[in-house]
Amino acid sequence: MMKFLSNTMRRSHLALAVIATGAAGLALMTMHAQFSGRSSQLAGHAALVAELGLTDLALFTEARYTRHPSQADLFTPFQDHPLSFDHFPSGSLVLPQRQFGNKDLFAESLPQ
Amino acid sequence: MTEPNNSYQAGLLSRLGAAKQLYLIDFTLGAMKRRTGRNVMLFSVYLAIIFILGSVMLFSHAIRREAAILLENSPELLVQKLRMGRHELIEGTRLEVLRKIRGVRQAQGRLWGYFYDQANGANYTLMVPREQSKTTAVKPGETIIGEGVARTKGIKQGGYLFLLSETGKLMKLKVKQVFSNQSALTNTDLILLSEPDYRRFFVLPPDLYTDLSLTIRNKREIDKIVEKAAKLMPQARFITRRDILRTYESIFSWREGLLLALLGGSLIAFTILSFDKASGMSAEERREIGVLKAVGWETSDVIAMKFWEGALVSIGAFVFGVALAYAHVFFFSAGLLEPVLKGWAVIYPSFTLTPSLGGIQLATLAFFTIIPYTAATIIPIWRAATTDPDEVMR
């Protein structure tokens, strides 16, 4: 097929056609993302989150501070010893917030 | 009369210019064909790097968007009791205190906790649905489970789930429903059970809760309500919906956490590739430039030819790399990222993200890949093309 095309078409035309096909594919994907029609599913999922009062994503289920990062104690990753190394691999992905330790994180909830 | 003539000439010139560029592309492709192995290897590496960068970028953007949409529905304010700096169960009597604060519409105790299954090493999240829950209400003896629990335990709707309580007794629950894959991102490890079952399983006194959730009438009053509640319960920790959203913003932000950890390797690989390209050309390429110059090519022609070489490789790799990344993330559930995200966890959600691909994402990725690579190709060519052909060929 390629040999037939390269015999009948100029190389430049073939190369530009291949790139144009890829670009058209990208345009189709952008349209697919716009009209994928899964917003109703997402709305159903959001309603379930509201009904149950869920607070976190279930991406990392291995430790409690990675399963519910928003609910965990600030010191939980270092529960065995201050500044001890983390046990779980997802601890390297779920890093503490930048405000960690300087009381800014929950500043609004601390008594004045 | 002169105007049409001028426009005809301009049209002819532009057509000639376009024709020249097409001939240059023909020549470039011919030259590239002479080094097929090297160019195929280069294209594959470039494609792989854009595929990895694109996958991580699309995944993190989509998951951040999904987290923001979903967690916008999380409780407005949560109250946790702390004792000696650690989270502790909170008394139900606190609910009355909190309800009296003006602006609080509703205050409810939440029951949720973790259960480590010794049989398969998985961690489950056990939870009691709220009183007003309709679609997720469970009676004693019943349960609703996430798809991850059903998968690891090998049970289906209508089957039975057995859990070994800390008293050593087995609890038998009939599976009323299994949550679908579409909501796995938030409930894959969830086991919903009734309040009496939950208290019996964890041997929990009747008036203790994991934490309290508050519904606030006016969102703008949250800070004031937290301030008032903090005076009444100085030892408690208050987590607002904003804190929850900010936590996830931080985890999926490009400067820290997940994205940085995943991107790091591929960015380094791309830097090495660009530097290798920028550091110089092979002797064969130099000789080729020398010959072209000797037969009368202008410096600008040589640069244009090499520009097309870089542009064809990088645009081709970009277009197909992004297309592959899109398919990988949204049609194949980002399967290659799964081992990284899964870590040591037994349960990992089987979810598909809502597709999202925007002009800004494409432009960012293009800016960080096509431009540095094309520039890295042009600079050494310009250096070789401006030197004397005799010297270059020597």
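How many nonpolar, polar and charged residues does the lining of the second largest cavity have? I start with the ground rules and come back to this.

**Ground rules.** I am working on a predicted model, where local features need pLDDT of at least 70, side-chain atom pairs count only at pLDDT 80 or more, and totals for chains, interfaces and linings use all residues. Residues are numbered from 1 along each chain as its sequence is written, chains are lettered from A and ligands numbered from 1 in the order in which they are written, and side-chain values use heavy atoms, without hydrogens and water.

**Cavities.** I searched the whole structure and found five cavities of 30 Å³ or more. On a 1 Å grid over the protein atoms alone, a cavity is a set of points where a 1.4 Å probe fits but cannot get out; lining residues have an atom within 4 Å of a point. A volume is the space filled by probe spheres set on the points, which are joined across faces, edges and corners.

I looked up the second largest cavity, with about 50 Å³ of space. Its lining includes Gly54(B), Met57(B), Val322(B) and Leu365(B). I count six nonpolar, two polar and no charged residues there. Ala, Val, Leu, Ile, Met, Phe, Trp, Tyr, Cys and Pro count as nonpolar, Asp, Glu, Lys and Arg as charged, and the others, Gly among them, as polar. H2 and H13 of chain B each supply at least two lining residues. Helices are DSSP runs (H or I, at least four residues), numbered from the N terminus.

The largest cavity has a volume of about 60 Å³. Among its lining residues are Asp56(A), Arg67(A), Arg110(B) and Trp112(B). That lining divides into four nonpolar, four polar and three charged.

**Aromatic pairs.** Rings of Phe, Tyr and Trp (its six-membered ring) pair if their centres lie within 6.5 Å; planes under 30 degrees apart count as stacked, over 60 as edge-to-face and the rest as tilted.

Why is the pair of Tyr46(B) and Tyr373(B) tilted? The planes stand at 45°, with the ring centres 4.5 Å apart, so the pair is tilted. Tyr46(B) lies in H2 and Tyr373(B) in H13, so the pair ties together parts that are 327 residues apart in sequence. Tyr46(B) is buried at 0% relative accessibility. Buried means under 20% relative accessible area, exposed over 50%, partly exposed in between (1.4 Å probe, protein chains only). Tyr373(B), at 1%, is buried.

I also checked Tyr326(B) and Phe331(B), an edge-to-face pair. Tyr326(B) is buried, whereas Phe331(B) is partly exposed at 47%.

How values were computed:
On a 1 Å grid over the protein atoms alone, a cavity is a set of points where a 1.4 Å probe fits but cannot get out, and a pocket is an open set with protein on both sides within 12 Å along at least five of seven lines; lining residues have an atom within 4 Å of a point.
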